[in-house]
Amino acid sequence: MDPGSVEKAAAALLDAYATGTPIAPLTKDHPDMSVADAYAVQLAQVTAWTGAGARVKGHKVGLTSAAMQRQMGVDQPDFGVLLDTMFLPESAPIDTGRFLQPRIEPEIAFVLGRPLAGPGATAADAVAAVDYVLPALEVIDSRIADWKITLPDTIADNASSGGVVLGTRPVRLDDQDLSLMGCLLRRDGDLIDTGAGGAVLGSPINALVWLANVLGERGVSLEAGHVVLPGSITAAVPVAPGQTLTATFAGIGSVTARFGRREQA
């Protein structure tokens, strides 16, 4: 894609945010859009957001589990940027009106205590960089109508990012085997799915290493204090106004996201 097409695609996605109206897949008008093109579209939006005052507070890895790859019809992970405006408190109802077509994913969030840079980062480097982990619920969303996305579509759309709710009890990695850590996902008290950390590229640590190395190839490092979401343990679950979702992780506790009814917005 030429620079003008990249800017036009980014503008279409930014307009979807502003109007609340999803757009057709970008690959419909740009069938030859490559992964590199898609990341250029993503970067154009991030530049617009930070230019308007938003701050980068971390990154997310998406499409790391077989369940999510099957659900979205893709065959490799991707990444997106987490801005300060995306972090939502556990304590207050979330305005569903801020999203277009939200779904929720349970994740084990990493908070870094020191920078982590690739290429060449290893699992040992990643473990040493992590200060603590938190239970998390990521709200994914798509500006593409009906979630009819290809890999370039979701990458361009900031990896289908929406928001994130973090738990408030930090837990050190010591004595935690993230690959074996189980998770129970409940909606309004009813168990709706289960999973384990091993669903995320064998271990969430592997997703952190992948991210550090992919970003490193682009001259970007993960910074101390930043949050990294390594990917969902289960398939994504649609959410609706008035619902409450809770993820409980063995060893690190639980996190709850409450979605307010639209008339409360």
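Predicted model: local features only at pLDDT ≥ 70, side-chain atom pairs only at ≥ 80, totals over all residues.
## The open sheet

Five strands build an open sheet. Their order is β4-β13-β12-β8-β9, and the pairing is mixed. The edges are β4 (94–95) and β9 (190–196). Each has a single partner strand, so one side of each lacks a neighbour in the sheet.

Strands of a sheet pair through backbone hydrogen bonds, in either the parallel or the antiparallel sense.

## From β9 to α7

The loop between β9 and α7 holds Ser203. With a relative accessible area of 12%, Ser203 is buried, because the cut-off for buried is under 20%. Leaving aside residues up to four places away in sequence, Ser203 touches Leu178, Ser179, Gly197 and Gly198.

## Helix α7

Helix α7 spans residues 204–217, which is 14 residues. From first C-alpha to last, α7 reaches 20 Å. That is close to the 20 Å expected at 1.5 Å a residue.

Of the 14 residues in α7, 11 are buried, so the helix is largely enclosed by the rest of the structure. The buried residues include Pro204, Ile205, Leu208, Leu211 and Leu215. Ala207, Val209, Ala212, Asn213, Val214 and Gly216 are buried as well. An α-helix has 3.6 residues a turn, so residues three or four places apart point the same way.

What do the buried residues of α7 pack against? Their partners are the strands β1 (56–62), β2 (78–83), β5 (103–112), β6 (130–140) and β10 (227–229), along with helix α5 (123–129). After α7 comes Gly219, which has a positive phi near 75°.

## Strand β6 and its partners

β6 is one of the elements that pack against the buried residues of α7. This strand is mostly covered: nine of its 11 residues are buried. In a regular strand the side chains alternate between the two faces of the sheet.

β6 pairs with β5 and with β7. The β5 pairing is antiparallel and has 10 bridges. There, Ile104 stands opposite Val139 of β6. β6 also runs antiparallel to β7 (residues 161–166), joined by five bridges. In that pairing, Ile140 has Ser161 of β7 as its bridge partner.

Conventions: Residues numbered from 1 in each chain as written. Heavy atoms only, no water. Pairing = 2+ DSSP bridges. Helix = DSSP H or I, 4+ residues; strand = E, 2+ residues; numbered from the N terminus. Expected span 1.5 Å × (residues − 1). Buried < 20%, exposed > 50% of the residue type's maximum accessible area, 1.4 Å probe, protein only. Contact = heavy atoms within 4.5 Å.
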